[in-house]
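Q: Hi! Could you walk me through this one with me?
A: Happy to, let's bring it up.

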Amino acid sequence: MSETATRGLRGHIEVKNFSLSYESIDGAVQAVTDTQIHVRPGEFVSIVGPSGCGKSTLLNAVAGFLKPSTGIVTVDGERVNGPSAERGMVFQQYSLFPWKTVRENVEFGLKMRGMPRSQRERAARTLLGLAGLEAFEKHYPEKLSGGMKQRVGIVRALATGPKVLLLDEPFGALDAQTRVIMQQILTNMWQRLKISVLFVTHDIDEAIFLSDRVYCMTARPGSVKAEIPIPLERPRQQSMMMTSEFLALRRGLMSLIREESLKAMGGEISDLGMQGLNIDLHGQSLAEVL
Amino acid sequence: MLSSPERNAQAATIADTDTPPVVTTSAADPSFAALAARWYRLNRGRLRALAIGIVSLLAFLMVWHLLTTYRVVLFVRFVNVPSPLAVYASLDKAIHDPKFLLHILLSCRRILIGFSFAAIVAVPLGLIMGRFKLAHEVIFPVAEVLRPIPAIAWVPMAIMLWPTNEQSIVFITFLGSFFPILVNTLHGMSLVDPVLVRAAQCLGARERSIFREVYFPASLPHIFTGLTVGMGVAWVSLIAAEMISGQYGIGYFTWEAYSLVQYPDIALGMIAIGVLGLGSSLIIRGVGQLVMPWRST
């Protein structure tokens, strides 16, 4: 793996003056507004925020699936305009090709690059070995558990040696125990490969446990509310989640997000919740109305 | 009614068959008897279905036999209906008759040509229409206008269109299978998971590879549904076309048997059509399992 040495210098993501809006029947909807984020080479950065804040929108723009309305997204100074194998992505829905075996899934990116069959088979076996999946190389994804599927998804995204790895709530559909194991596996892989990671999640513990830095986004239209460095030492252990340092970070992020979540739900709360569901019965009793 | 001891004996035997046979689960290599017993336990449901299926078919033959030998008239008249034995006799004669085999062979050839053409045209057309909006917008309205016309309604037009009778029959078969294949392929394309397309793009796949590696395999299950339905309609259309305008073919054979008062041959033709239809749909299913190994459990 001679590439690993150079990889540390690659993968600088920059998002500048970013905003994104789309047309709807009620007029233009502002999904993300005036956002700046960056990921340094080899850094692990998470984006957290209330649901619908546009964090996935931002990630999809970095991947090249969405074009910014204003602003610019660059990776290593090159402008992103369309998806490419330079930016590997892992989706929440497992997104493995059901008609390909585990190994064929991992090989896919190499095949697209035109690598000869025997060579890519060997590469895929090595990668699957690292993820502890070599015994399942001939299985079809349908037969795998959720955690295994997502491990294959991560390995597949890494197989082509991308500059950055983008993950869109990759563990959101997993049960709590599996999620913890997957987080450990992901940090291990990241430490070994020293690849830049941009990770979107709504799970605060997950963001703190994994990241060097966390961006917290505001409610829609989304923008960066706060940028929180995570000074916890590496390698991270599960036991750290009980330390006062971790809990302080958690408390801080929690209050930031709660504020935004309440803002996001503000309309509903003032209309219904706060007014205590005032129903005009026109002078009749409830029993009469019913 | 059974007397009570007899009933008890019967209950006992039922209970016996219901209790699973005892299997020694010792790790040391299991005896043949133990293996057989385990196989029996695992396949009991299937064996039961098979046994009941055979009994049911025998019952059907028996009823047929009784209705025809006693020439029952219950509003429906079985007076001229051939008995199973008569049909068997004519089958025995027919399989040694090269003309009968020629009928079958020609029908199979017409199906093969008509259906293959339909598949070769309809599957790519459906894939293209599913991928490119303009192709869909141009072709879909025409297809929707032509689709509800049953293939049999095309018979006079087909005779005008094609120089030979043979070609017009193949054309009818083609038409019959064309639309089910097209519609199902389109349906398959519309259900392709966009996340898989994005995943492929993120791994460096270009338009052509995405088409070959994502859209096509993702649509395959629906394409095969279309092929199965299309094969069924192809036989329906073929038999009708042969009865109207054929000189050979199993449909013509069946109709001719009626004209020539060869009543056992009518049933023989019907059974042959059923067997051929069943066989061809089994072939498609087999090919489907071969092409889509990820779907067979």
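Q: Okay, which residue in E4(A) does A:Ser19 stand opposite?
A: A:Ser19 faces A:Thr70 in E4(A). Helices (H or I, at least four residues) and strands (E, at least two) are DSSP runs, numbered from the N terminus. Before we go on, this is a predicted model: local features need pLDDT of at least 70, side-chain atom pairs count only at pLDDT 80 or more, and totals for chains, interfaces and linings use all residues. Residues are numbered from 1 along each chain as its sequence is written, while chains are lettered from A and ligands numbered from 1 in the order in which they are written.

Q: Thanks! How many bridges do E1 and E4(A) pair over?
A: Five bridges, in the antiparallel sense, with E1 of chain A covering residues 13-24. Two strands pair if DSSP finds at least two bridges between them.

Q: And what is the strand order in that open sheet?
A: The order is E2-E1-E4-E5 in chain A, four strands with antiparallel pairing. E2 (27-39) and E5 of chain A are at the edges with a single partner strand each, so one side of each has no neighbour in the sheet.

Q: Which helix packs on the sheet?
A: Helix H2 (residues 55-63) of chain A, which touches E1, E2 and E4 of chain A. Contact here is C-beta atoms, placed from the backbone, within 7 Å. The direction of H2 makes about 115° with that of E1(A); axes are lines fitted to C-alpha atoms, for helices over the stretch in contact, and angles run from 0 to 180 degrees between N-to-C directions.

Q: What about A:Glu169, where does that lie?
A: In the loop between E7 (164-168) and helix H6 (176-193) of chain A. Phi of A:Glu169 is also positive, near 40°.

How values were computed. Two residues are in contact if their C-beta atoms, placed from the backbone, lie within 7 Å.
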